[in-house]
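Subject: Structure handover

Hello,

Here is the structure for your records. My notes on it follow below.

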Amino acid sequence: MKTRNSDPESGRYGHLTGMAGGDRLLRYESVSEDSIRVMVQTFYGCIREHPRLGEIFSRRLEGRWDEHLLKMESFWQSVLLKNGAYKGKPVPAHLKQKELLGSDYGQWLGVFRPVVRELFVPDLADEIIVLAERIAQSLWLATFGHAGSAPPPELSATTAQCGGAAW
Ligand code: HEM
């Protein structure tokens with residue numbers, strides 16, 4: 001994983017790179033606190049518009065969105081920068097959401113993948129997506145798994161397209 005710590009000297013866009021022929025001119029070529037913040041903000045901006053998941057998040061996080069986004073920044077920093085910023089427990093946080101369906105994790109990834117592909121250069125996006133898929137698989141197993149069951153194939157399909165048209 002290419003990482004780079006937040007560097008005020010470099011300026012906000014110092015770690016972006018040009019992409020010829022892409023739909024977006026600049027993509028992050030490394031993970032940093034800044035690029036993680038943009039990823040988290042963009043992802044939750046998108047998921048709030050998802051017809052099913054948006055409702056679930058809104059119900060749970062009414063009045064607590066800022067706190068959740070900060071927590072998710074620390075979560076992704078721990079995953080991608082390995083800085084130990086996140087101290088929580090994702091499994092109980094999802095187990096208590098009795099309304100979750102097995103298909104919701106695939107829907108979640110259907111929003112996450114195009115956001116990450118839009119923001120990061122392709123190799124880095126692939127790495128981030130694989131990590132998210134592994135976490136989604138373990139959350140799925142914790143929530144819906146039983147002896148001998150395996151997560152559904154859409155939790156490891158790394159070939160998602162941009163556009164977020166998974167719903
Ligand atoms: C099925 C799709 C998902 C839904 C609907 C969902 C929903 C939520 C909600 C509503 C919360 C806030 C819980 C609360 O504070 O009461 C939450 C927390 C969290 N979610 Fe998810 N989530 C999903 C999938 C994922 C995935 C795939 C990841 C990781 C890749 C993830 C990582 C987290 C983390 C780290 C927290 C914070 C847990 C804590 O420490 O409190 N979620 N999720």
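The shell around the ligand draws at least two residues from each of α2 (53-61), α3 (65-80), α4 (90-95), α5 and α6 (122-144); helices here are DSSP runs of H or I with at least four residues, strands are runs of E with at least two, and both are numbered from the N terminus. This is a predicted model, in which local features need pLDDT of at least 70, side-chain atom pairs count only at pLDDT 80 or more, and totals for chains, interfaces and linings use all residues. Residues are numbered from 1 along each chain as its sequence is written.

The largest share of the shell comes from α2, with five residues. Among the 21 residues around the ligand, those that come nearest are R60, G88, A93, D104 and W108 (near: C-beta atom, placed from the backbone, within 6 Å of the molecule or strand). By class the shell has 14 nonpolar, three polar and four charged residues (nonpolar: Ala, Val, Leu, Ile, Met, Phe, Trp, Tyr, Cys and Pro; charged: Asp, Glu, Lys and Arg; polar: the others, Gly among them).

Helix α1 (residues 33-47) and helix α5 (residues 104-119) have axes that come within 10 Å and cross at roughly 140 degrees (axes are lines fitted to C-alpha atoms, for helices over the stretch in contact; angles run from 0 to 180 degrees between N-to-C directions). The contact between α1 and α5 comprises 10 nonpolar, two polar and no charged residues.

On confidence, the protein chain has a mean pLDDT of 87, and 81% of its residues reach 70 or more (pLDDT: the predictor's confidence in each residue, from 0 to 100).

Regards
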